[in-house]
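Colleague: I'd like to learn how to read a model like this one, feature by feature. Could you walk me through it?

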Amino acid sequence: MQKYTGETPVLVAADCIIFGFDGWNIKLLLVQRNLDPEKGKWSLMGGFMKPGESPDDAANRVLEQRTGLKNVYMDQLKVFGNPDRDPVERTLSIVYYALIDINEYEKQLNDEHHAEWFLPEEMPELIFDHTEMVKLARRQLMYKAALHPILFQLLPEKFTIPQLQALYEGVYQTKFDDRNFSRKLLSTGLLIKLNEKDKQSSKKGAFYYTLDQSHYEENFESFLNLVPNPNKFFQ
């Protein structure tokens with residue numbers, strides 16, 4: 001392989017950043033690269049866009065081929081195009097991030113690429129500019145979660161308030177006041193309390209809730225105050 005000299009076509013790749021939640025921790029899904037350069041090192045999952053594919057189609061195909069995951073929440077993040085980002089070929093990367101409930105999809109993961117979940121603070125060194133991609137995705141996730149209840153994409157159909165609080169605390173890497181968080185959450189009117197408790201976490205147990213889909217669209221702005229002082233996370 002030779003370094004890019006400007007005489008070859010520019011390639012376009014789709015890279016996917018997968019955030020998952022296991023009930024108490026938010027995690028990042030990484031794979032071990034199976035080709036040179038940087039073979040064997042940890043990487044985001046990605047692949048080149050095929051002729052006739054849209055970027056969204058390519059991202060969904062890459063995600064399903066590499067992990068077995070499909071029909072998950074995915075959003076385009078940014079195009080990374082530094083001329084030196086790939087040491088071999090001039091490559092643009094269209095980056096997406098996806099949100100999944102780990103417990104729902106874990107059995108679907110494709111073992112071929114040795115996919116493994118990592119806590120963000122324990123993430124290993126990644127190839128090329130993938131670390132920068134993850135940092136930007138985490139920042140975008142914080143921003144968007146302060147405006148919309150997209151973090152429900154990471155939760156199972158029924159969940160407890162402590163689980164939801166743990167999710168928000170994991171995304172924002174901070175501790176919220178238990179009473180205030182619970183009060184603000186219930187005041188949104190978007191949760192339906194179930195007559196069932198999760199007793200695995202404590203003897204008393206915590207009631208399960210589910211999202212009221214019938215009022216989701218009209219009341220989703222009620223989540224705007226769930227994160228206290230969100231501007232402090234974007235200084």
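Colleague: Let's start with β8. Which strand is β8 joined to, and by how many bridges?

Modeller: This is a predicted model, so everything here is read off predicted coordinates. β8 is joined to strand β10, residues 206-211, by 2 bridges, and the two run antiparallel. To put a residue on that pairing, look at threonine 160, which stands opposite tyrosine 208 in β10.

Colleague: And what is the strand order in the sheet they belong to?

Modeller: The order is β8-β10-β9, an open sheet of 3 strands with antiparallel pairing. The edge strands are β8 (159-160) and β9 (191-198), since each of them pairs on one side only.

Colleague: Next, helices. How do I describe two that pack together?

Modeller: Two numbers do it: packed helices are described by the angle between their axes and the distance between those axes. Here, take α4 (residues 161-172) and α5 (residues 178-187): the angle is about 105° and the axes are 11 Å apart.

Colleague: What do we call that arrangement of α4 and α5, and why?

Modeller: Angles from 65 to 115 degrees count as roughly perpendicular, so α4 and α5 are roughly perpendicular to each other. As for the residues that meet, α4 brings Ile161, Leu164, Gln165 and Tyr168, while α5 brings Asp178, Phe181, Ser182, Leu185 and Leu186.

Colleague: Which rings are linked into a cluster with Tyr168?

Modeller: Ring pairs link Tyr168 with Tyr172, Phe176 and Phe181. The count of aromatic pairs in the model comes to 6. One of them is tyrosine 172 with phenylalanine 176, a tilted pair with 6.3 Å from centre to centre and 55° between the planes.

Colleague: Are tyrosine 172 and phenylalanine 176 buried or exposed?

Modeller: The cut-off for buried is under 20% relative accessible area. Tyrosine 172 has 3% relative accessibility, so it counts as buried. Phenylalanine 176 is buried too, at 5%.

Colleague: Back to strands, then. How should I think about the side chains along one?

Modeller: In a regular strand, the side chains alternate between the two faces of the sheet.

Colleague: Which strands does β1 pair with, and in what sense?

Modeller: With β6 the pairing is parallel, over 11 bridges, and aspartate 15 stands opposite valine 95 there. With β4 the pairing is antiparallel, over 4 bridges; alanine 13 facing phenylalanine 48 is the example to find. With β2, residues 26-32, β1 also has an antiparallel pairing, again over 4 bridges. In that pairing, phenylalanine 21 has isoleucine 26 as its bridge partner.

Colleague: What should I look for in the turn between β1 and β2?

Modeller: The two strands form a hairpin with 4 residues between them. Check glycine 23 in the turn, which has a positive phi of about 115°.

Colleague: Now a single residue. Where is threonine 91, and what does it touch?

Modeller: Threonine 91 lies in strand β6, residues 91-101. At 3% relative accessibility it counts as buried. Leaving aside neighbours within four places in sequence, threonine 91 is in contact with Leu11, Ala13, Phe48, Phe80, Arg85 and Asp86.

Colleague: And where would I find methionine 49?

Modeller: Methionine 49 is in the loop between β4 (45-48) and α1 (55-67). With a relative accessible area of 26%, methionine 49 is partly exposed. Beyond its neighbours within four places in sequence, its contacts include Val12, Ala13, Pro55 and Arg61. Methionine 49 and isoleucine 94 are 45 residues apart in sequence, with 9.5 Å between their C-alpha atoms.

Technical notes
Residues numbered from 1 in each chain as written. Predicted model: local features only at pLDDT ≥ 70, side-chain atom pairs only at ≥ 80, totals over all residues. Heavy atoms only, no water. Pairing = 2+ DSSP bridges. Buried < 20%, exposed > 50% of the residue type's maximum accessible area, 1.4 Å probe, protein only. Contact = heavy atoms within 4.5 Å. Phe/Tyr/Trp six-rings, centres within 6.5 Å; stacked < 30°, edge-to-face > 60°. Axes fitted to C-alpha atoms, helices over the stretch in contact; angles between N-to-C directions. Parallel < 35°, antiparallel > 145°, perpendicular 65-115°, else oblique.
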